[in-house]
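Please open the structure in your viewer and keep the sequence beside it. The tour below moves from one selection to the next.

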Amino acid sequence: MNKMTVHFTNGNTLECSKISFSTNGHNIILDGNIVYPVMEIVKIEPTNYIKVTNIKWDTDGEEVADLPERIIIDGYMSNKEIEDYLSEVFEWCVESFTIEE
């Protein structure tokens, strides 16, 4: 299960797997039972992500302007799954890439 890290104005952080808002929209509910005022939250970011860099595309010699050289993918994937994901999303085959820790 993917987790998120919630950053608060006082510098504290909290990891959770589910975030929802109260019916009045003023409070945030983390994992179904912890409630915080929305005003105290600085940012929410995914904990489980992969930084894929140095992406080299097989474009058959065509100039393709919109292919990224790096991307962040949420979750865990094997190298083969990353290659398949990139090829499916961008509709070009991938020659190589690097995964940053």
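Leaving aside its neighbours within four places in sequence, which residues is T59 in contact with? Select T59 and then V64, L67 and W92, for these are the residues in contact with T59 once those neighbours are set aside, where contact means heavy atoms within 4.5 Å. T59 itself is placed in the loop between β7 and β8, and at 14% relative accessibility T59 counts as buried, the cut-offs being under 20% relative accessible area for buried, over 50% for exposed and partly exposed in between, with a 1.4 Å probe and protein chains only.

Before going further, please keep in mind that this is a predicted model, in which local features need pLDDT of at least 70 and side-chain atom pairs count only at pLDDT 80 or more, while totals for chains, interfaces and linings use all residues. Residues are numbered from 1 along each chain as its sequence is written, and side-chain values use heavy atoms, with hydrogens and water left out.

Now show the whole chain as a cartoon. The chain has one helix and nine strands, and from the N terminus the elements follow the order β-β-β-β-β-β-β-β-α-β; helices (H or I, at least four residues) and strands (E, at least two) are DSSP runs, numbered from the N terminus. The radius of gyration of the chain is 18 Å, well over the 13 Å that the globule rule gives for 101 residues, so the chain is more spread out than a compact globule; the radius is taken over C-alpha atoms, and the rule is 2.2 Å times the number of residues to the power 0.38. Along the principal axes, the C-alpha atoms fill a box of roughly 55 × 25 × 25 Å.

Next, select strand β7, residues 49-58, together with strand β8, residues 71-74, which pair in the antiparallel sense over four bridges; two strands pair if DSSP finds at least two bridges between them. Within this pairing, Y49 stands opposite D74 in β8.

Finally, go to H7, whose place is in strand β1, residues 4-8. Is H7 buried or exposed? H7 is buried, with a relative accessible area of 19%, and, apart from its neighbours within four places in sequence, H7 is in contact with N12, T13, E40, I41, V42, K43 and E45.
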